[in-house]
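Subject: Structure handover

Hello,

Here is the structure I said I would pass on. My notes follow below it.

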Amino acid sequence: MRTFYIFKINDEFYSLTKDCPYNLYKSLEQIYRLNKVNLSDAYNLFSSICLPFDKGKINKNIFDEYKDNESYVKFNNVHMINDYFTNEKSKLIIKSTHLKLTTSKIKPIYFDNLKSVKGIFVCDFKNVDYFYLEQV
């Protein structure tokens with residue numbers, strides 16, 4: 001299982017990092033691994049890089065897309081796919097600061113829904129994998 005953290009990057013950082021996102025990944029990784037002593041500094045850095053998600057809009061779009069799919073379940077801000085035919089088991093948790101996707105696939109179905117949003121940056125901190133979703 002892989003865990004992807006999905007962020008919405010503001011336009012300035014997107015312009016600076018769209019061709020070479022390594023420094024953006026390292027900044028987000030540093031925030032991810034930071035201890036709680038420097039929490040206010042991490043929050044300030046994070047809020048200067050990332051934009052908040054519209055939870056209601058994302059929840060509605062994903063629900064509308066998959067509501068007729070027998071493999072799909074939604075509870076509050078959690079969307080789950082358990083598709084035996086494609087062998088995909090994915091859980092997407094929607095928060096205002098980021099999205100967290102735990103999945104059995106390298107390219108989960110939820111990526112298709114988020115691809116249309118500009119500046120979506122995906123990180124897998126455990127496997128040191130990162131990319132802009134629109135470039136996949």
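Which residue in strand 4 does lysine 74 stand opposite? Histidine 79 is the residue across from lysine 74. Please keep in mind that this is a predicted model.

The hairpin. Strand 3 (residues 72-75) and strand 4 (residues 78-83) run antiparallel and are joined by four bridges. Two residues sit between these strands, and asparagine 76 in this hairpin takes a positive phi near 55°.

Salt bridges. Searching the whole structure turns up five salt bridges. In one of them, the side chain of arginine 2 meets that of aspartate 124, at 2.8 Å from N to O. Arginine 2 belongs to strand 1 (residues 2-9) and aspartate 124 to strand 7 (residues 120-124), so this pair ties together parts that lie 122 residues apart in sequence. Aspartate 124 and arginine 2 are both buried.

Two further bridges are found within helices. In helix 2 (residues 22-33), lysine 26 and glutamate 29 are three residues apart, about one turn of the helix, and their side chains meet in a salt bridge at 2.8 Å, N to O. Glutamate 29 has a relative accessibility of 12%; the limit for buried is under 20%, so glutamate 29 counts as buried. Lysine 26, at 35%, counts as partly exposed. In helix 4 (residues 55-66), lysine 60 and aspartate 64 are four residues apart and therefore separated by about one helical turn. The closest N and O atoms of lysine 60 and aspartate 64 are 2.7 Å apart, and the two form a salt bridge. Aspartate 64 is partly exposed, with a relative accessible area of 35%.

Nonpolar cores. The largest nonpolar core contains 19 residues, and those with the most contacts inside it are Ile6, Ile62, Leu99, Tyr110, Phe111 and Val122. At least two residues of this core come from each of strand 1, helix 4, strand 5 (88-94), strand 6 (99-103), helix 5 (110-114) and strand 7. With its neighbours within four places in sequence left aside, phenylalanine 111 is in contact with Phe4, Ile6, Leu101, Ile106, Val122, Phe131 and Leu133. Another core, of 16 residues, lies apart from the largest one, and Tyr14, Phe46, Cys123 and Tyr132 are among its members.

Regards

Definitions and conventions. Residues are numbered from 1 along each chain as its sequence is written. This is a predicted model: local features need pLDDT of at least 70, side-chain atom pairs count only at pLDDT 80 or more; totals for chains, interfaces and linings use all residues. Side-chain values use heavy atoms; hydrogens and water are left out. A salt bridge is a side-chain nitrogen of Lys or Arg within 4 Å of a carboxyl oxygen of Asp or Glu. Buried means under 20% relative accessible area, exposed over 50%, partly exposed in between (1.4 Å probe, protein chains only). Two strands pair if DSSP finds at least two bridges between them. A nonpolar core is a set of buried Ala, Val, Leu, Ile, Met, Phe, Trp, Tyr and Cys residues joined through side-chain atoms within 4.5 Å. Contact means heavy atoms within 4.5 Å.
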